[in-house]
Amino acid sequence: MTNISPAPAEEAAGSPPGPGAAPVTAVPGSRVRSGWRSLMPRWSPKLGVGLALVVLISLFGALGPLFVGDPDTVRNIGMTAPGGEFLLGTTQTGQDVFSQLVHATRGSLQIGLLVGIMATLLSAVFGIVGGYVGGAVDEVFSLFSNVMLVIPGLPLVIVIAGFVPAAQRGWWTIAVVLAITGWAASARVLRAQTLSLRNRDYVSAARVAGEKPWRVVSVEILPNLLPLLASQFVFAVILAILSEAGLSFLGLGASNSSTLGTMLFYAQNGFALQKEAWWWFVPPGLVIALFGCGLSLINFSIDEIINPKLRNIPRKGGRTAPKPFERDPAEAAAVLVPAPRDGNRNAGRSEVASGIPSETEEGERSGAGGHPEPVLTVRRLNVVYGAEKPVHAVKDVSLTLGRGEILGLAGESGCGKTTLAYAINRLHLPPAEVTSGSVTFHDRGGEDIDVLGLEREELRRFRWAKLSMVFQGAMNALNPVISIHAQLDDVLTTHRPDLPAPRRRECCAEVLRLVGVDPRRLDSYPHELSGGMRQRVMIAMALLLDPQVMIMDEPTTALDVVVQRGILREIVRFRDELGFAVVFITHDLPLLLELSDRIAVMREGEVVEYATAADLHQRPRHPYSRQLLDSFPSLTGARGSFIRTGESGARAHDTEPHPNERAPR
C-alpha cells in the first residue's frame with residue numbers, strides 16, 4: 001500500500017513510533033509463542049506419560065540389542081523361572097526370554113513405524129489430494145478407496161502374505177502388506193474433511209491471493225487435519241503390531257525375523273500357558289499394550305495443535321494466563337488517520353471525522369458532480385448454474401463503478417448479489433458459468449483489463465493487488481489454526497516475494513494500525529479476537545496491496561450495531577483517504593442510503609433499479625424498491641421513516657405495485 005511501506009532501518013532499530021502509532025510493549029508475565037513452538041502441544045501429565053512410555057520402549061528396542069546376548073542360543077535349562085542369570089527366565093529350549101524380548105521389540109517397532117508412515121501417506125494422497133483436486137481425480141481415487149474398503153482386511157492380508165515364500169517373508173514384506181490393506185478407511189475420513197475445508201472462506205481467500213495448490217493444501221488444509229493424521233498413524237502402528245501377531249499365529253508372519261508376534265507364536269507352540277510359564281508370553285503382550293497406551297496419550301495432546309483454544313488454560317496452583325491487552329480509553333477513542341493519497345479527492349471532508357456522509361454531501365458527490373471516472377464496468381453479465389434444470393442466477397446485469405465510489409448492492413437472500421460479486425472476481429467453480437457479458441477493469445495507468453479473459457497467471461497477479469474481496473463471515477474467512485501474522489504474510493509472500501521478512505512484518509503491523517487493531521495482535525489466533533477485530537483484520541488483509549477496488553460481502557453481518565457503525569466509519573474513511581472504490585453487498589437498504597453513492601437493487605438475478613442514494617430514497621421508481629424501503633420499521637414514525645430526518649415513510653406512489661410483488665419480511 002502507498003502508506004503502508006516498511007519502516008526504515010533506523011526506525012525499526014528503535015526510534016520512537018510516529019504519531020498515532022500504538023506502542024508495542026510486552027505484556028507482563030506472557031510470552032509470545034511463534035514459529036514451530038506455537039504448533040507444539042501444551043505440556044500436560046498425559047503428554048508426559050505418553051512420551052515416557054514411547055521413548056522408553058523405543059530406546060529399549062533400539063539400544064537393547066547392543067547389551068544382551070544372542071536370543072537364539074540353546075541351553076539345557078528349559079523353562080527356568082525369572083531370577084539369577086536370566087532376568088525373565090528361559091524358554092522350553094533354554095533361550096533367554098529377556099534377550100528375545102529386546103530383539104522382538106525392535107522388530108515390531110520397525111514394522112509398526114513403516115506401516116504407520118506408509119498407510120498415513122497413502123490415506124493422505126488418496127483422501128486429501130483427491131478431495132481437494134476434485135473432478136475425475138477424486139472419482140478415481142474414491143473408487144479405488146471404496147474397493148479396498150469393502151474387501152475384508154484379514155483375509156486379504158492372509159492371501160497376500162500366503163503368496164510370499166516363507167524364506168522371503170521378512171519384516172519389511174509384512175509391513176508392505178499391512179500398509180496396502182490398512183489405509184482405505186482413513187482416506188475416506190480425510191476426503192470428507194477435505195471436501196468440507198476446501199469450501200471455507202479462508203481457502204477461497206488463499207486461492208484468490210494466488211497461492212499454488214500445493215501451498216493451499218499444506219498451509220491452509222493440512223494443519224486442520226493433523227489430529228486425523230495423528231490418529232491414523234497411531235491406529236496404523238497398533239494395528240500393524242497386532243496384525244503381525246495374528247499372522248504369526250497362522251504361520252504367515254515374518255518367519256525369518258524376530259518380532260513380538262513370533263515370540264508369542266513360539267510361546268504358544270511351547271505350551272507356555274499350560275505350563276504356567278507366564279514369563280514367556282506376558283512380557284511381549286505387556287510391551288504391546290504399553291506402547292499403544294503411550295501413543296494414544298500423545299495423540300490426545302496433539303488435539304491442542306488443531307484447537308488453539310485448548311492452549312494456555314490456567315490450572316489450579318499453576319501459572320495464571322496472561323491478562324488481555326488493555327488500552328487507554330483515550331487511545332481507544334482516537335482515530336488513526338493515514339496520510340492522504342496524492343490527488344485524493346475531498347480529503348479532509350467532514351465525514352472523515354463523523355464516518356457517515358450527510359445527505360447534502362452525498363448529493364454533491366453523486367448528483368451535481370456527475371458520475372466519476374469509471375474503474376470497473378460490467379456489461380450484460382449472465383451467470384448460470386448448470387444442472388438438470390439450469391438456474392439463471394445473474395441476468396443481463398450492467399453496472400459502472402466510479403473511482404473512489406461506494407456502490408451498494410441490495411436485495412433479498414438468493415437474488416444473486418454474491419453470485420455477481422464472485423463473477424466479477426472470477427471465483428466461481430462448476431457448475432456456475434459466466435455465459436455472456438463482459439467485466440472491464442480500468443487501471444489507474446490507463447490500461448483496460450478484460451477480467452473474464454485473463455489467463456490463470458494473469459488472474460493471480462490481478463486479484464488482491466488491483467481488486468480484493470472481504471468475504472462474508474470473518475470467523476470462517478480466517479484460518480483458525482494459523483496466526484494473524486502468518487495469514488497477512490501469505491499475501492505479501494505471494495505478491496511481493498522480494499520483500500524481506502522483517503519488512504513484511506512491518507507492513508502487517510502498519511496495516512493493523514490503519515484499521516485500529518493493536519499490532520501486538522499479529523501473533524494472536526482468530527479465536528483470541530472479538531468479532532469486530534476479526535472483521536477489521538479481514539479489511540486489513542484486503543487493503544494490504546493497495547487495491548483500486550474492494551468488494552465487501554456483508555462485512556457487518558452478526559455484529560452489534562456499535563461495532564457495525566465503527567467498521568462503517570472506517571470504510572468511509574479509508575475510501576476518502578486511500579481513494580479506492582467499494583462494492584458493498586448487504587440486506588440493509590437503510591444502511592446503504594447513508595453509506596453509498598449509488599445503489600443497485602437486485603431481484604431474481606436482475607438489477608431492477610440503479611440510481612443515486614438520494615434518488616432511491618426520495619423517488620424510488622420500481623415497486624420492489626418501494627416495498628424494500630417501506631418494509632423497514634421506524635422507532636419514531638411510520639414504516640420507511642428510518643432516516644435521521646424522521647420523515648414519514650408514506651410516499652405518493654406514481655404507480656400501484658404489481659399484484660405479484662410481495663413486500664419482503
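Which residues of helix 25 are buried? In this predicted model, select helix 25, residues 623–630, where 7 of the 8 residues are buried. The buried ones are Pro623, Tyr624, Ser625, Arg626, Gln627, Leu628 and Leu629.

Now turn to the nonpolar interior. In soluble globular proteins, nonpolar side chains tend to be buried together. The largest nonpolar core here comprises 90 residues. Select Leu420, Leu488, Ile539, Leu543 and Phe584, which have the most contacts inside this core. Helix 21 (residues 531–543) contributes the largest share of the core, with 7 residues.

Centre the view on Leu488. Apart from neighbours within four places in sequence, Leu488 is in contact with Cys508, Val511, Leu512 and Leu522, and also with Val537, Ala540, Met541 and Leu544.

Finally, move to the second largest pocket, whose volume is about 970 Å³. Of the 29 residues that line this pocket, Arg207, Leu427, His428, Leu429 and Arg463 lie nearest its centre. Then select helix 3 (97–133), helix 8 (201–208) and helix 17 (456–462), each of which supplies at least two lining residues. Colouring the lining by class will show 12 nonpolar, 6 polar and 11 charged residues.

Terms used. Residues numbered from 1 in each chain as written. Predicted model: local features only at pLDDT ≥ 70, side-chain atom pairs only at ≥ 80, totals over all residues. Heavy atoms only, no water. 1 Å grid on protein atoms, 1.4 Å probe; cavity = no way out; pocket = protein on both sides within 12 Å on 5 of 7 lines; lining within 4 Å. Points joined across faces, edges and corners; volume = space filled by probe spheres on them. Helix = DSSP H or I, 4+ residues; strand = E, 2+ residues; numbered from the N terminus. Nonpolar A, V, L, I, M, F, W, Y, C, P; charged D, E, K, R; others polar. Core = buried A, V, L, I, M, F, W, Y, C linked by side-chain atoms within 4.5 Å. Buried < 20%, exposed > 50% of the residue type's maximum accessible area, 1.4 Å probe, protein only. Contact = heavy atoms within 4.5 Å.
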